[in-house]
Amino acid sequence: MTPAELSHSVVAAVASMVADEGLAVAVPETVTVERPKNKEHGDYATNVALQLAKPAGRAPRQLADLIAARLRDVEGIASVDIAGPGFLNITLDVASQGELARTIVSAGKNYGHTEALAGHRINLEFVSANPTGPIHIGGTRWAAVGDALGRVLSASGADVAREYYFNDHGAQIDRFARSLLARARKQEPPEDGYGGEYITEIADAVTAKVPDVLDHPDDEAQEIFRREGVELMFAEIKRSLHEFGVDFDVFFHENDLHESGAVDHAIERLRKLGHIYEHDGATWLRTTDFGDDKDRVVIKSDGNAAYIAGDLAYYLNKRERGFDQVIIMLGADHHGYIGRMMAMCACFGDTPHENLEILIGQLVNLVKDGQPVRMSKRAGTVLTLEDLVEAVGVDAARYALTRSSADSTLDIDLDLLTSRTNENPVFYVQYAHARIASVLRNAAELGIALGEFNPALLDHEREGDLLGALGEFPRVVASSAELREPHRVARYLEELAGVYHRFYDMCRVLPMGDEPVTDLNHARLWLCEATRVVLANGLDLLGVSAPERM
RNA sequence: GCGCCCGUAGCUCAGUCGGAUAGAGCCCCCGCCUUCUAAGCGGGUUGUCGCAGGUUCGAGUCCUGCCGGGCGCGCCA
């Protein structure tokens, strides 16, 4: 019996009670059955009686009695106890709980997939780092977290498109182009320009590709450096993300919005809706109607589009492509943007926080010798995605960036990660997987297949713990998706790995020496394979490999 | 000044919808490989959940105020 099935049984028992007793309360659609921390509280517990007591006008323990009586008749439930103020503590039959192993092995890669978000068409935008330099550590965090979120959303039944918004328009690109031109001429970069080593590399690459570039007049040369430089930078970003295991469905160019007329289209739409006005020679969007601090300029008085114009057009474009949920991940340094974006969403007639969702992730600090290091492009202390991968590898890097809540700032200490990699819990999880793979290999060598499965034999306490943990996986994935918190998957995997290691320590899986193969050996092999499936599926959601050997 | 995030063990951090005795890893000490991976397991030590009120059967979790830290408030992008 899975937690979901048990939950259904509890709902049915509640419905039966409400009908029989004529209670004036609504039957909850779902009831949470949780794994109690304390083993004396059974395999699963629910507080549904406590929650219904007040609206029903009955004592919680009285309701608990009525529900318990009905649950005791359910096949697979061994006992139901009432504890404390009115908790229902449910214990399953050993065989019923053990069946879960078969369920998981049969489902294979699909175990953990649910329909929790079925029907949602989600556009997930993340990273979207400017093509004026390599991806730094902050963008790397969003790459890891955003990619994991995309996987978790998909696993929960959502139709997800991942997008990277490529800001190849505007003043920053001009500064980038001027920096390249200056470097090609062996001059100092402009005061507000970019100075890293990569500027030299790109300037050299452009010069190699267009040998006579410096013979052109300034404006033409700058245009060549802009076009070629952005192209090279873009390819570089794509490549490093791909090597990081992060791929996008769409790379969207801001420039296209301006050249295709999408910006004008969006502004005209808003004008028809009555939210656009002219003032001081500029075109404004009246975002204050929807809670913004001040109205926003969309077309500046010099005729150029303000940055938000691109965002307006991009949002409308996503909606017109059929996405009903637009999710954008931004760093904390952009959180001031939420108000105007939500107001913009409302101006289009959409519902803020439903059609548009902005996820804010806190920043990453680079730490050395316990002291924060200020990352500066000029000082060369910027930590890039490639630096991180080179130092610790993709698996450790992705895991370290994904296991913490995005709401917390993250400290990255390269020395710590490189010199004491065991501190990274990814190895703890991967080791559990490799350990199981080894057991399964040994079984194969002994000619022992999974074979017949008798779930009733899995009656050891550690086996019960393991089955209980395995049953949690689908709702961990679903809640990670619903809450947009993929770190929950990582934390769960660490828990599961620990439960497996403790099982392994107490429960011998394969026969020793020349002992005969028993049904218990087979049952435990099923349990091992089920655990391996969950670890592999979970690691995959995080974009981390599940090694067969370590 | 206004807004967002954070404050939980010595360190790094978990702890959705309020639930039972607040957890994990790292660090430190002790024990366990003549049989499936010791990157493991078992045991020991560690807390005014920033502070003060409030809501209720019950608050780390919700509300209010305050303290401390980070970030942000452009016709920049």
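This is a predicted model: local features need pLDDT of at least 70, side-chain atom pairs count only at pLDDT 80 or more; totals for chains, interfaces and linings use all residues.
**Exercise 1. Find the ring that Arg 121 lies over, and look for a second case of this kind.**

Solution. Start at Arg 121: this residue lies over the face of Phe 323, 4.8 Å from the ring centre. The criterion asks for NZ of Lys or CZ of Arg within 6 Å of the ring centre and within 35 degrees of the ring normal. Next, go to Arg 398, which lies over the face of Phe 244 at 5.5 Å from the ring centre.

Residues are numbered from 1 along each chain as its sequence is written, chains are lettered from A and ligands numbered from 1 in the order in which they are written, and side-chain values use heavy atoms, leaving out hydrogens and water.

**Exercise 2. Describe the pair formed by Tyr 315 and Phe 348.**

Solution. Begin with the whole structure, where a search finds 17 aromatic pairs. Rings of Phe, Tyr and Trp (its six-membered ring) pair if their centres lie within 6.5 Å; planes under 30 degrees apart are stacked, over 60 edge-to-face, and the rest tilted. Tyr 315 and Phe 348 make a tilted pair, with 5.9 Å centre to centre and 35° between the planes. Now place the partners: Tyr 315 is in helix H11 (residues 307-320), and Phe 348 is in the loop between helix H12 (338-347) and strand E11 (356-361), so the pair links distant parts of the chain, 33 residues apart. Helices (H or I, at least four residues) and strands (E, at least two) are DSSP runs numbered from the N terminus. Finally, check accessibility: Tyr 315 and Phe 348 are both buried, meaning under 20% relative accessible area with a 1.4 Å probe, protein chains only.

**Exercise 3. Work out what lines the largest cavity.**

Solution. First, the search: two cavities of 30 Å³ or more turn up in the whole structure. A cavity is a set of points on a 1 Å grid over the protein atoms alone where a 1.4 Å probe fits but cannot get out; lining residues have an atom within 4 Å of a point. The largest cavity holds about 40 Å³ of space. Its lining includes Pro 134, Ile 135, Glu 236 and Thr 384. Helix H8 (218-243) and helix H13 (385-402) are the elements giving two or more residues to this lining, and H8 gives the most, with three.

How values were computed:
Buried means under 20% relative accessible area, exposed over 50%, partly exposed in between (1.4 Å probe, protein chains only). On a 1 Å grid over the protein atoms alone, a cavity is a set of points where a 1.4 Å probe fits but cannot get out, and a pocket is an open set with protein on both sides within 12 Å along at least five of seven lines; lining residues have an atom within 4 Å of a point. Grid points are joined across faces, edges and corners, and a volume is the space filled by probe spheres set on the points.
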